Amino acid sequence: MAAVGLARQAGQRAALASGQRAALVLMLASGLAGLGCQIVWTQQATLWLGHDTAAVLAVVAAFFGGLGLGALALGARVRRSARPGRWYVGCELVIAGWSLLLVVLMAPAGSALLVLVGAQPAPAWQWAVAFCGSLLLLLPATAAMGATLPALDALLHRPAVDGSTTPSAVAALYAANTTGAVLGVLAAAFWLVPAFGLRATALVCVALNLLCAVLAARWWLAAQALPAPATPPGKRSGNAKLLLLLAATGLLG
């Protein structure tokens, strides 16, 4: 019996290590695709905002705003879900689908926003349309991006057969996602966009998101559902002081 227990624990450790490696690969690829799309969206926004500075400010603010809203709105539901792998696959499909739709819609949407801004707008109105328009235009994709990290962390941080849980992998996942983001910026700005154009770069990013969805489905969707871990008393994610501290560090960063 002892040997069977040790063999089971060894199998669980091996499966956990394999799952963590797979999650890191997915976060790397997803980050690369996400920031690659951001470069494309920034270049496209320049056409209707008029200059690079406004486009960078508007798209970056909309991008991170969408990430935050997605994590806030969906993170708790993902963590409570018995199948967070389905959430991750769904998020990647939403990102891919909306990014593909933006390949077609970005130009007419930009023209409509340009008309809304007007020929001689007041600065406050111009910036309001720039930020709010960009946020709404990108929100489905960016909100889904914001939910991918909680989904993968919840997928890895599941109860074992003996009731114990593995430590959260959010730090490693965030590091992998950030590394992918850096690679995505470099690849899109210095290679893909100059060599192949905005449309082709966007399609490459869409293909990466679809690949992430397919790989995640292959690795995890067949897994048996597990009971969602309960949130320990006094350790809820909505701690107001902690959220204010994190917001302040983000502002300073």
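Q: Why is Leu-245 called exposed?
A: Its relative accessible area is 53%. Exposed means over 50%, buried means under 20%, and partly exposed lies in between (1.4 Å probe, protein chains only). The value of 53% is over 50%, so Leu-245 counts as exposed.

Q: What kind of model is this, and how are its residues numbered?
A: The model is predicted: local features need pLDDT of at least 70, side-chain atom pairs count only at pLDDT 80 or more, and totals for chains, interfaces and linings use all residues. Residues are numbered from 1 along each chain as its sequence is written, and side-chain values use heavy atoms, with hydrogens and water left out.

Q: Where does Leu-245 lie, and which surface patch includes Leu-245?
A: Leu-245 lies in helix H7, residues 240-252. With Leu-242, Leu-243 and Leu-246, Leu-245 forms a nonpolar patch on the surface. Together they have about 380 Å² of accessible area.

Q: How many helices and strands does the protein have?
A: There are seven helices and zero strands. The order from the N terminus is α-α-α-α-α-α-α. Helices (H or I, at least four residues) and strands (E, at least two) are DSSP runs, numbered from the N terminus.

Q: Why is Ser-99 called buried?
A: Its relative accessible area is 3%. That is under 20%, so Ser-99 is buried. Ser-99 lies in helix H3.

Q: Which residues is Ser-99 in contact with, leaving aside its neighbours within four places in sequence?
A: They are Cys-37, Trp-41, Ala-141 and Val-206. Contact means heavy atoms within 4.5 Å.

Q: What makes a set of residues a nonpolar core?
A: The members are buried Ala, Val, Leu, Ile, Met, Phe, Trp, Tyr and Cys residues, joined through side-chain atoms within 4.5 Å. The largest core here has 30 residues. Trp-41, Ala-45, Leu-49, Leu-102, Met-106 and Leu-138 touch the most other members. Helices H1 (2-49), H2 (52-80), H3 (84-117) and H4 (123-156) each supply at least two residues. The largest share, eight residues, comes from H4. A second, separate core of 20 residues includes Val-89, Leu-149, Ala-169 and Ala-216.

Q: How do you know that Val-89 is buried?
A: Its relative accessible area is 9%. That is under 20%, so Val-89 is buried. Val-89 is in helix H3. Val-89 and Leu-152 are 63 residues apart in sequence and 10.0 Å apart in space, C-alpha to C-alpha.

Q: Is Ala-54 buried or exposed?
A: Ala-54 has a relative accessible area of 5%. The cut-off is under 20%, so Ala-54 is buried. Ala-54 lies in helix H2. Beyond four places in sequence, Ala-54 is in contact with Leu-49 and Trp-127.

Q: Why is Val-170 called partly exposed?
A: Its relative accessibility is 37%. That falls between 20% and 50%, so Val-170 counts as partly exposed. Val-170 is in helix H5, residues 170-196. The C-alpha atoms of Val-170 and Asp-153 are separated by 5.7 Å. Not counting residues up to four places away, Val-170 touches Leu-149 and Asp-153.

Q: Why do Cys-132 and Cys-212 get their accessibility labels?
A: Cys-132 has 46% relative accessibility, in between the two cut-offs, so Cys-132 counts as partly exposed. Cys-212 has 2%, under 20%, so Cys-212 counts as buried.

Conventions:
Patches are made of residues with over 30% relative accessible area and no salt bridge: like charges are joined within 9 Å, nonpolar side chains (Val, Leu, Ile, Met, Phe, Trp, Tyr) within 5 Å. Accessible areas come from the Shrake-Rupley method with a 1.4 Å probe; for residues, only the protein chains shown count as cover. A salt bridge is a side-chain nitrogen of Lys or Arg within 4 Å of a carboxyl oxygen of Asp or Glu.
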